[in-house]
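Dear colleague,

Please find the structure below, followed by an account of what was found in it. I would be grateful if you would read the account with the structure open beside it.

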Amino acid sequence: MKDQLFELPSPFLLESGEELPGAHVAFRTWGRLNEARDNVVWVCHALTANADVLAWWPGLFGPGCFFDPADWFIVCANVLGSCYGSTGPTDTNPATGRPYYQAFPLLTIRDLAAAHEALRQDLGLTRIHTLIGGSLGGQQALEWAVQQPEVFEHLVVIATNARHSAWGIAFNEAQRLAIAADPSYQAGQPDGGDEGLRAARAVALLSYRGYEAYASSQTDPDDSRLLGHRASSYQRYQGDKLVARFNAYSYVALSHSMDSHHLGRGRGDIATALSGIRARTLLLGITSDVLFPLSEQQELARHIPGVMYAELDSRYGHDGFLLETAGITHFLELFYVPTFAH
Ligand SMILES: CC(=O)SCCNC(=O)CCNC(=O)[C@H](O)C(C)(C)COP(=O)(O)OP(=O)(O)OC[C@H]1O[C@@H](n2cnc3c(N)ncnc32)[C@H](O)[C@@H]1OP(=O)(O)O
Ligand SMILES: N[C@@H](CCO)C(=O)O
C-alpha cells in the first residue's frame with residue numbers, strides 16, 4: 001500500500017507567523033467508513049514513525065487486533081517535518097529552489113495538529129470516534145482535542161504530557177548537540193548528520209528504556225569482559241538502525257516541535273486548556289517511564305474532565321507505549337465496554 005498525498009492550503013500559516021508554501025501531508029487509511037460514519041479511529045504517531053500504523057503498532061492495529069480494519073476506518077497521517085512523505089526539511093524550498101535542511105521553519109505541535117485538521121476536513125470526516133497517540137503523538141492528540149473539542153468522541157493518550165518538561169527538552173538538546181557537531185550536518189549535505197544522528201539515537205534510547213530494561217536485556221553473560229560490552233553494542237546497533245531509516249534534519253525539526261508543546265500557551269493555563277476537552281478520555285501511564293513519568297500523567301488526570309486513568313506495569317520504559325499492546329488492549333476493552341461493541 002502506498003501513501004496518499006493531501007496538498008495543504010498554500011501558504012500554510014505556522015504558529016510562529018512563518019509560512020510554509022506548497023506543503024503536503026502523506027497519509028494512509030484502512031478499512032471502510034460505515035454507513036453511520038461513526039467508526040473512524042485516527043492515529044497520531046510518535047517521533048520517528050510514519051503513516052503505516054499497521055507496521056509500527058502491531059498487536060494493536062491489524063487483523064485480529066483491537067483496532068481491526070474489518071471494524072474500523074483507520075486513518076494515520078505523517079507529521080509535517082518528518083521524512084516519511086509529508087513536507088519536511090529535505091524538501092525543496094520554493095523560495096530558493098534548494099532543500100531547506102537546517103533552514104526549515106519551526107513547527108510547533110499546534111502546527112502538526114493544524115495540518116492534520118486540514119486533512120480531516122478535506123476527507124469530510126465530521127466525527128472521529130477515537131483519536132489515539134503516545135509520546136509526541138499524545139502531545140498532538142491532546143493539542144488537537146483542545147483545539148477541536150466537538151470533533152472527537154473518544155481520546156486515548158499514552159505516556160505523554162501537557163507541556164514538554166525541562167528534562168525532556170534537555171534530552172532533546174543533548175541529541176541536537178550531537179547532530180550539530182557533525183561536520184556533514186553543518187555543511188548541509190544531503191545525508192548530513194548521520195554520525196550525529198547515530199549518537200543522538202543512542203542518547204534517546206537511555207530515556208526510552210531505563211535501568212531495569214538495560215539490566216535485564218544488556219548485562220554481559222560473563223564476568224571477564226574488559227571491552228566490547230553487550231550494552232555498548234546495543235547502543236551502536238540502535239543508532240545504526242535509525243540512521244538507516246531517518247534523517248538528522250527531520251530529527252532536529254521534530255525534537256524542536258516536541259519542545260514547543262505547551263497546552264497552556266495563550267490559553268490562561270494548562271488546567272484551563274485541559275478542562276475544554278469534551279472527548280471521553282482514556283489516559284495510560286507507564287510505570288517505568290523516565291521520560292514522561294507518572295507524575296506527568298497524574299497532572300493530566302487531575303485536569304481532563306471525566307478521565308479514565310490507569311498505569312501500565314511495564315519494564316520497557318517509555319517505549320512501553322509501543323510494546324505493551326496486550327496491556328493497552330486490556331484497558332481499551334474496559335474503556336469501551338459501555339459505548340462500543342465491535
Ligand atoms: C520503515 C520503518 O521501519 S517504519 C518505522 C519503525 N519504527 C517506528 O515506527 C518507531 C517506533 N518504533 C520503535 O521505536 C521501536 O521499533 C520499538 C520501540 C517499538 C522497538 O524497538 P526495537 O529496537 O525493536 O527493540 P529492542 O530495544 O528490544 O531492540 C531489539 C533489536 O536490537 C538488537 N539487539 C539487542 N541487543 C543487542 C546488542 N547487545 N547488540 C546489538 N544488537 C542488539 C536485536 O537483535 C533487535 O534487532 P532487530 O531490530 O534488527 O530485530
Ligand atoms: N521510540 C519512539 C520515540 C519515543 O516516543 C520513536 O522512535 O518514534
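Two residues are in contact if their C-beta atoms, placed from the backbone, lie within 7 Å. This is a predicted model, in which local features need pLDDT of at least 70 and side-chain atom pairs count only at pLDDT 80 or more, while totals for chains, interfaces and linings use all residues. Residues are numbered from 1 along each chain as its sequence is written, and chains are lettered from A and ligands numbered from 1 in the order in which they are written.

The annotated residues

The UniProt annotation "active site", from an unreviewed entry, covers S135, D289 and H318; such annotations may be inferred rather than shown by experiment, and their positions follow the numbering used here, with feature names shortened. These residues span 184 residues in sequence, yet no two of their C-alpha atoms are more than 10.7 Å apart, so they gather at one spot.

D289 is placed in the loop between strand 11 and helix 11. (Helices, H or I with at least four residues, and strands, E with at least two, are DSSP runs numbered from the N terminus.) Leaving aside residues up to four places away in sequence, D289 touches A159, G317, H318 and G320. D289 counts as buried because it has 28 C-beta neighbours inside 10 Å; the term requires 20 or more other C-beta atoms within 10 Å of the residue's own, with C-beta atoms placed from the backbone.

H318 lies in the loop between strand 12 and helix 12 (320–323). H318 is also buried, with 27 other C-beta atoms within 10 Å. Its contacts, not counting residues up to four places away in sequence, include S135, Y208 and D289.

The ligand

Ligand 2 is surrounded by A46, L47, T48, A49, S135, Y208, H318 and D319, where a residue qualifies if its C-beta atom, placed from the backbone, lies within 6 Å of the ligand.

Eight strands form an open sheet with mixed pairing, in the order 1-4-6-5-9-10-11-12; two strands pair if DSSP finds at least two bridges between them. Strand 1 (4–7) and strand 12 (308–312) each have a single partner strand and stand at the edges, so one side of each is left without a neighbour in the sheet. Strand 1 runs antiparallel to strand 4 (residues 24–30), and four bridges join them. Within this pair, Q4 has F27 of strand 4 as its bridge partner.

Note on methods:
A residue is buried if 20 or more other C-beta atoms lie within 10 Å of its own, exposed if 12 or fewer, and partly exposed in between; C-beta atoms are placed from the backbone.
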